[in-house]
Amino acid sequence: MIDPLFPHCNATSSAGWLVFDCESVPDGRLLNIVRYPTETLTPEAAVARAQAEALERGNSDFLPVTFQLPISIAMLRVGVDYSLQAITRLDAPHFKPRGIVEQFWRGLGQYAQYEPAAKIVTFNGRGFDLPLLEMAAFRYGIAVPSLDQWRNERQFDLMHWLNNDGAIRLSGGLNMLAKLLGKPGKMEVTGNKVYGMWLDGQLNAINDYCLCDTLDTYIIFLRTRVLAGAITLDTEQAILRRAKDWVRGQTATYPALAEYVTHWGEWSPWP
């Protein structure tokens with residue numbers, strides 16, 4: 001059976017984890033008809049107005065997940081031994097929201113039937129990524145019979161695990177954690193640039209950025225397994241050495257990974 005998420009994967013061992021990250025943009029048309037129904041605004045104008053109002057209320061112009069559309073999902077297939085097995089960017093090379101969402105849920109539906117049961121790994125997936133994709137499935141009328149599984153017993157949210165289920169604010173987020181481990185974290189692109197890049201038609205660059213965030217997520221995930229006692233620190237370091245070589249081998253297909261490997265440093269705890 002062809003894997004709908006990783007059609008070219010030739011891994012011989014079972015998948016234990018599906019690590020992924022999403023990028024999204026505000027839906028200006030939806031904002032117009034919901035928040036400004038008596039006005040005829042362009043999508044761009046509706047987004048600009050909503051962002052300005054958000055800034056007046058707080059320190060961020062990021063709009064709620066209910067008004068977001070997914071434009072990128074990068075995903076890693078990770079074995080039960082925590083090794084990297086495959087990498088993908090959904091709905092490439094088109095990167096259309098509906099295609100991305102259909103491939104994601106169709107793929108998870110197939111994985112829901114596998115034993116042993118793989119789990120999804122995210123950073124703030126409970127608070128953003130999964131609700132984003134659920135709302136998109138609602139929008140497009142996509143059936144997700146296995147949704148309760150992925151919401152509950154088959155999801156591992158790194159942010160929630162590391163912030164003690166909201167007991168603290170994990171200031172610095174994914175970027176801080178990656179750099180703490182000597183890994184690239186944010187390079188030239190940051191999340192607040194994605195919408196502008198999308199308006200400029202830079203879909204490939206957005207998907208490259210998403211791919212690098214997904215690798216950071218994987219590396220942070222490995223360290224949480226050390227904390228949990230699932231693997232030793234020596235085992236984690238050995239897995240990372242193999243992972244670096246594996247990622248380097250993917251640069252012909254994903255050229256952006258060459259920069260990621262260049263910035264891949266060694267973990268050196270301090271003080």
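Reader: Ground rules before we start: how are residues numbered, and what pLDDT do local features need?

Author: Residues count from 1 along each chain as its sequence is written. The model is predicted, so local features need pLDDT of at least 70, side-chain atom pairs count only at pLDDT 80 or more, totals for chains, interfaces and linings use all residues, and side-chain values use heavy atoms, with hydrogens and water left out.

Reader: Sheet first. What is the strand order?

Author: E3-E2-E1-E4-E5, an open sheet of 5 strands with mixed pairing. Strands (E, at least two residues) and helices (H or I, at least four) are DSSP runs, numbered from the N terminus. Two strands pair if DSSP finds at least two bridges between them.

Reader: Which strands stand at the edges?

Author: Strand E3 (84-89) and strand E5 (155-157). Each has a single partner strand, so one side of each is left without a neighbour in the sheet.

Reader: And how far are neighbouring strands turned against each other?

Author: By 25° on average, direction ignored. Axes here are lines fitted to C-alpha atoms, for helices over the stretch in contact, and angles run from 0 to 180 degrees between N-to-C directions.

Reader: Now E1 and E2. Parallel or antiparallel?

Author: Antiparallel, over 11 bridges. Phe 20 has Met 75 as its bridge partner in E2.

Reader: What about E1 with E4?

Author: Those two run parallel, joined by 3 bridges. There, Leu 18 has Ile 120 of E4 as its bridge partner.

Reader: And E4 to E5, how many bridges?

Author: 3 bridges, also with the strands running parallel. E4 covers residues 119-122. Val 121 is partnered by Phe 156 in E5.

Reader: How many residues of E1 are buried?

Author: 12 of the 12, so E1 is largely enclosed by the rest of the structure. Buried means under 20% relative accessible area, exposed over 50%, and partly exposed in between, with a 1.4 Å probe and protein chains only.

Reader: Which helix lies across E1, E2 and E4?

Author: Helix H3, residues 97-111. H3 runs at about 35° to E2, which spans 68-79.

Reader: Back to E1. What is the nearest side chain of opposite charge to Glu 23?

Author: Lys 186, at 5.8 Å. Glu 23 sits in E1, residues 15-26. Glu 23 is buried and has no salt bridge. A salt bridge needs a side-chain nitrogen of Lys or Arg within 4 Å of a carboxyl oxygen of Asp or Glu. For charge, Lys and Arg count as positive and Asp and Glu as negative, while His and the chain ends are not counted.

Reader: What is Glu 23 in contact with?

Author: Beyond its neighbours within four places in sequence, its contacts include Leu 69, Pro 70, Ile 71, Val 194, Tyr 209 and Asp 213. Contact means heavy atoms within 4.5 Å.

Reader: How many salt bridges does the structure hold?

Author: 10. One of them pairs Asp 27 with Arg 139, closest N and O atoms 2.8 Å apart. That pair links distant parts of the chain, 112 residues apart. Asp 27 is in the loop between E1 and helix H1 (28-35), and Arg 139 is in helix H4 (residues 125-140).

Reader: Buried or exposed, that Asp 27?

Author: Buried, at 9% relative accessible area. Arg 139 is partly exposed, at 38%.

Reader: What does Arg 49 pair with?

Author: Glu 39, with the closest N and O atoms 2.7 Å apart. Arg 49 lies in helix H2 (residues 43-57) and Glu 39 in the loop between H1 and H2, so the pair ties together parts 10 residues apart in sequence.

Reader: Which salt bridge does Glu 102 make?

Author: One with Arg 98, 3.1 Å from N to O. Both lie in helix H3, 4 residues apart, about one turn of the helix. Elsewhere, salt bridges that share partners join Glu 39, Arg 49 and Glu 53 into one network.

Reader: Last topic, H7. Which residues of H7 are buried?

Author: Gly 173, Leu 174, Leu 177 and Ala 178, in a helix that spans residues 173-180. They cover an arc of only 135° around the axis, which puts them on the same side of H7. The arc is that of the directions from the helix axis to the C-beta atoms.

Reader: What covers them?

Author: The cover includes helix H6 (158-162) and helix H9 (203-227). Just after H7, Gly 182 takes a positive phi of about 80°.
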